[in-house]
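Have the sequence and the model open as you read.

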Amino acid sequence: MESRPDRQPAKRRRDPEASRAAILQATRDVFNERGYAHATIREIARRAGVTHGLVMRHFGTKEQLLVQALPGPRAAAEVAPGDLDTLPERIAAAFVAETEPADGGQTPFVVALIRSAASGEDAAMPLYAAAEREVTEAFRRALGPGTEVYANLLTSLVIGITFARHVARTGALADLDRDELVGYLVPAIRALLAPALTAAQAEGHGDPR
């Protein structure tokens, strides 16, 4: 009786969420090491242990990889909902957590990106566009329509502070420690957002807890 060839073991299917997480971590690593302009999707795929096509199916473009990997927009979506009275404190705390390395820690991903963006428009434009779009949407949901300019002002403020502290590394801002930075940031953010916060509270936006 003719023997049947051994059946090949079924290929193990990778969990889509695990693949996505691996791609995003590889994105942060490659952008951190090479900057946005010099990072390639093929290198990101290689680091993640997936195919170039899988990265494209999940994210489509390098800019979308940036949007999903960038902590600022994710943090905005997390801190914007809630009590509007404490929104400036939440924004300041999230900003410092994402941009200020712990003692002796690795340079945060967003800082590395802003440093690379400072080297040329090709890197700066996708970074700013991604942050602006995602932050604006998060704050539009929290504060209501008509608050886009305030979200743009906030985006410009935090990017400018990051540039001053981690690229130029000079001036009074660069000399502040983490706690001092939060102390200055909270009233600055409160003043910047004051008209939008007042209008949003009058219209019943926000979720006091």
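Helices here are DSSP runs of H or I, at least four residues long, numbered from the N terminus. The model is predicted.

Q: In which helix is Gly-183 found?
A: Look at the run of residues 178-202. Gly-183 is found within that run, which is helix H11.

Q: Is Gly-183 buried, partly exposed or exposed?
A: Buried means under 20% relative accessible area, and exposed means over 50%. Gly-183 has 46% relative accessibility, so it counts as partly exposed.

Q: How far apart in space are Gly-183 and Ala-92, C-alpha to C-alpha?
A: In sequence, 91 residues separate Gly-183 and Ala-92. In space, their C-alpha atoms are apart by 8.7 Å.

Q: Which residues is Phe-139 in contact with, leaving aside neighbours within four places in sequence?
A: Contact here means heavy atoms within 4.5 Å. With the sequence neighbours set aside, the partners of Phe-139 are Ala-76, Ala-80, Leu-87, Ile-91, Gly-144, Thr-147, Ala-151 and Leu-154.

Q: How many salt bridges does a search of the whole structure find?
A: Side chains of opposite charge can pair when their charged atoms come close. The cut-off is a Lys or Arg side-chain nitrogen within 4 Å of an Asp or Glu carboxyl oxygen. Searched on that basis, the whole structure gives a count of 6.

Q: Which helices does the salt bridge between Glu-33 and Arg-47 link?
A: The two side chains meet at 2.7 Å, N to O. Glu-33 is exposed at 54% relative accessible area, while Arg-47 is partly exposed at 32%.

Q: Which residues are linked with Glu-33 and Arg-47 in a network of salt bridges?
A: Glu-33 and Arg-47 form a salt bridge with each other. They also belong to a network, and its other members are Arg-34, Glu-43 and Arg-46.

Q: Are Glu-100 and Arg-165 buried or exposed?
A: Glu-100 and Arg-165 form a salt bridge at 2.9 Å between the closest N and O atoms. Glu-100 sits in the loop between H6 and H7, and Arg-165 in helix H9. The limit for buried is under 20%. Glu-100 has 7% and Arg-165 has 10%, so each is buried.

Q: How far apart are the end C-alpha atoms of residues 40-59?
A: An unreviewed UniProt entry annotates residues 40-59 as "DNA-binding region". Over this stretch the chain is 80% helix and 0% strand. The end C-alpha atoms are apart by 13 Å.

How values were computed:
Residues numbered from 1 in each chain as written. Predicted model: local features only at pLDDT ≥ 70, side-chain atom pairs only at ≥ 80, totals over all residues. Heavy atoms only, no water. UniProt positions renumbered as here; feature names shortened; annotations may be inferred. Helix = DSSP H or I, 4+ residues; strand = E, 2+ residues; numbered from the N terminus. Buried < 20%, exposed > 50% of the residue type's maximum accessible area, 1.4 Å probe, protein only.
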